[in-house]
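Hi there,

Here is the structure I promised to pass on to you. Please open it beside this email, and then read on for what turned up in it.

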Amino acid sequence: MRRLLRRALPGESGARIEPVDEGGEHSTWWVGTRYVLRFALDESGSRRQRRERALRDAIRSRLAVRVPISIASGEWAPRLTYTIDTRLPGVSAELQPVSPAGERDLAQLLTALRALSAEGIAGLGLPTAPPRPLDTLRKAAAAAAARMTADGELDGAADSAHRLPLGTDAPARPTPPAPVAVVHNDLKGEHLLVADSGRVCGVLDWTDAVIGDPAEDIAGLAISLGAPAAIRAATHAGYEPPVCRRALLLARYDTLIRLADRLYGTDDSPLPLLRTQLARAWRTTPLDGTTPTGSSTPTTGDPTTDIRDDPPA
């Protein structure tokens with residue numbers, strides 16, 4: 001890393017280098033107080049990192065929130081890339097609540113991504129991802145909830161909040177095709193930087209971006225900020241109730257499946273975080289047929305309606 005910095009960023013060659021705790025696919029390091037050094041660890045990661053840099057440059061002027069700028073990039077080994085990015089202010093949304101003004105920042109982000117046409121960004125090489133099948137996810141979530149309930153992992157209030165109907169549901173009404181947009185595809189708390197004021201001041205890690213289902217980004221916000229905040233942001237961005245309902249279902253199914261995978265499978269995510277995300281995703285919204293209480297205590301929707309593929313308005 002020292003040799004790379006001497007070559008790519010001579011002025012920072014003597015800066016303190018420390019590993020970044022958060023992050024997955026990339027080896028990520030703080031360089032002093034101003035920069036972040038990220039290594040792709042395989043060729044797939046290198047392709048995604050190149051796409052990320054191009055996408056950030058293409059959308060930066062359209063967004064009210066900031067995205068990192070790559071001030072140096074190249075290969076640190078044959079066919080393996082690196083980028084040195086500017087370090088943005090703020091802390092993870094897991095640590096700092098988002099204010100109403102911050103929700104409006106997120107609404108603008110969703111609006112800007114929605115406005116990007118697939119043709120207009122065709123040269124970036126973003127992959128296309130089809131919508132995930134809700135019926136398959138519902139069945140997996142039902143099985144996960146049944147097992148966790150039997151083991152006492154969803155006992156008490158959590159049990160009544162997250163119990164799923166395990167019988168055969170009535171056929172869902174046909175739903176319109178999902179809209180298509182540029183999707184960050186990992187819009188979770190650790191990738192949202194929030195200022196002390198609660199404003200969202202940056203969005204990190206665009207390596208998973210696709211052209212696909214915008215409900216995935218709304219679901220990410222539901223997991224990170226709570227379902228009511230996510231639906232408010234999506235509604236302000238112009239998304240109709242069917243998209244918002246789909247996002248709620250994705251968030252609720254995913255949180256049950258991931259918690260079960262952590263308890264019984266290979267997921268190594270922190271258990272308290274998964275339980276917190278589960279509670280956030282199940283907070284009630286007007287789409288559940290109820291109005292949030294306004295209390296700081298999360299409330300939960302009626303799972304006999306929430307978990308169906310076609311919940312009532």
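This is a predicted model: local features need pLDDT of at least 70, side-chain atom pairs count only at pLDDT 80 or more; totals for chains, interfaces and linings use all residues.

**Around strand 3**

Phenylalanine 39 belongs to strand 3, which covers residues 35–40. Six of the six residues in strand 3 are buried, so the rest of the structure largely encloses this strand. Strand 3 runs antiparallel to strand 5 (residues 80–86), and five bridges join the two.

Tryptophan 76 lies in strand 4 (residues 70–77), so the pair ties together parts that are 37 residues apart in sequence. Tryptophan 76 is partly exposed, with a relative accessible area of 37%.

Next, find the open sheet of three strands, which has the order 6-8-9 and antiparallel pairing. Strand 6 (91–92) and strand 9 are at its edges with a single partner strand each, so one side of each has no neighbour in the sheet. Two bridges join strand 6 to strand 8, and valine 91 has valine 194 as its bridge partner in strand 8. Strand 8 is joined to strand 9 (residues 200–203) by three bridges; here leucine 193 is partnered with glycine 202. Strands 8 and 9 make a hairpin with five residues between them, and in the turn glycine 198 has a positive phi of about 95°.

**Histidine 184**

Where does histidine 184 lie? Look in the loop between strand 7 (181–183) and strand 8 (192–194). Histidine 184 counts as buried because its relative accessibility is 0%. Its side chain reaches the backbone oxygen of leucine 204 at 2.9 Å, and a polar atom of that side chain lies 3.4 Å from the backbone nitrogen of leucine 187. Beyond its neighbours within four places in sequence, histidine 184 is in contact with several residues, including Leu113, His191, Trp206 and Asp217.

Helix 7 (residues 227–236) is mostly covered, with seven of its ten residues buried. Among them are Pro228, Ile231 and Ala234. After helix 7 comes glycine 238, with a positive phi near 95°.

Finally, look for two arginines. The charged end of arginine 114 sits over the ring of tyrosine 239, 4.3 Å from the ring centre. Likewise, the charged end of arginine 252 sits over the ring of tryptophan 282, 5.3 Å from the centre of that ring.

Enjoy exploring, and write back with any questions!

Best wishes

How values were computed. Residues are numbered from 1 along each chain as its sequence is written. Side-chain values use heavy atoms; hydrogens and water are left out. Buried means under 20% relative accessible area, exposed over 50%, partly exposed in between (1.4 Å probe, protein chains only). Helices (H or I, at least four residues) and strands (E, at least two) are DSSP runs, numbered from the N terminus. A polar contact is a pair of N or O atoms within 3.5 Å; within protein, one must be able to donate a hydrogen and the other to accept it, and residues adjacent in sequence count only if both atoms are side-chain atoms. Contact means heavy atoms within 4.5 Å. A charge sits over a ring if NZ of Lys or CZ of Arg is within 6 Å of the ring centre and within 35 degrees of the ring normal. Two strands pair if DSSP finds at least two bridges between them.
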